[in-house]
Amino acid sequence: MISNVLSVIVGASSFVYTCYILCRLTYFLSTYGDNESLHMVSDENAAESTLWSLLVDMLLITIFVFQHSIMANDLVKQTFSRLHIEHLSRSIYNACSSASLHFLINKWQQTPAATMWKFDTSNETVWMLFSSLHVFAWTIIYSGCIMMDIAELCGLKQIWYKVSERNGPLDTKSRELRRYMRHMRHPSFTGFLAILWIYPIMSADRVLLGIVLTVYMTLLWTIDYEDYNYHNRYFRQKQIELSY
């Protein structure tokens, strides 16, 4: 009984914290102009300040990528299993990923002295264009998470199944779906690319973030033709279910 209560507390805390960080991440990636919560480089010794800021930013990205990859490793999953807390693995993973993102967002250093391009977002048409594209991209990402089973991605379903003494939710999924989820846990690749690269102020720090995360996603998401066919069938089935 106590273990079930603790599991629910861990899952609920992880869910709330993850939702908060996702809101922060959305704001971090899609707002324009100066952000008072972020560190800014000074105009003096702009070149040195920019290089130092990029080194700091690269370290922050490395921490996130390292954490995100290591905790998805089979060895870590086996460790959770040996400790008999495999039902908490997703919640712990989400909480740790959120913590690394939280650290990245709070310590991120902008480099306004070095920019590839800059559009004036005070123009209403330009602002509406970029904002609409970002809203559309985030809608694709979040709706994709919902369609893939949001409760399982958040770790809540694993805890519920454990408390109700049922087998894990992955055990009830088809082989094709388990294979698909191993190859791509986060939709959508196109949505994230749009958010990272369709941005009005492409400073050096934003370019660094875009390059590293684009390469990371390309290496991490190993979707093949079989996964693509399954995704099409699954998407059509979900459309039919949601239409009723």
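Visitor: In which hand does helix 1 pass helix 4?

Guide: In this predicted model, the crossing of helix 1 past helix 4 is left-handed.

Visitor: How should I describe such a pair further?

Guide: Two packed helices are described by the angle between their axes together with the distance between those axes. Here the axes of helix 1 (residues 2-30) and helix 4 (residues 89-107) come within 9 Å and cross at roughly 35°. On the helix 1 side the contact involves residues including G11, S14, Y17, T18, I21, R24, L25 and F28, and on the helix 4 side it involves, among them, S91, N94, A95, S98, A99, H102 and I105.

Visitor: Which residues of helix 5 are buried?

Guide: An α-helix has 3.6 residues a turn, so residues three or four places apart point the same way. In helix 5 the buried residues are F130, S131, H134, A137, W138, I141, G144, C145 and M147.

Visitor: What span should helix 5 have, given its 24 residues?

Guide: At 1.5 Å a residue, helix 5 (residues 124-147) should span 34 Å, and because its end C-alpha atoms are 34 Å apart, the expectation agrees with the model.

Visitor: Which residues does UniProt list under "transmembrane region"?

Guide: The unreviewed UniProt entry lists residues 5-29, 49-66, 125-148, 183-201 and 207-223. In the model, residues 125-148 are 96% helix and 0% strand, whereas residues 49-66 are 100% helix, with end C-alpha atoms 26 Å apart.

Notes. Residues are numbered from 1 along each chain as its sequence is written. This is a predicted model: local features need pLDDT of at least 70, side-chain atom pairs count only at pLDDT 80 or more; totals for chains, interfaces and linings use all residues. Side-chain values use heavy atoms; hydrogens and water are left out. UniProt positions are given in the numbering used here, feature names are shortened, and annotations may be inferred rather than shown by experiment. Helices (H or I, at least four residues) and strands (E, at least two) are DSSP runs, numbered from the N terminus. The expected span of a helix is 1.5 Å times one less than its number of residues. Buried means under 20% relative accessible area, exposed over 50%, partly exposed in between (1.4 Å probe, protein chains only). Axes are lines fitted to C-alpha atoms, for helices over the stretch in contact, and angles run from 0 to 180 degrees between N-to-C directions. A crossing is left-handed if the near helix is turned anticlockwise from the far one by less than a right angle, and right-handed if clockwise. Contact means heavy atoms within 4.5 Å.
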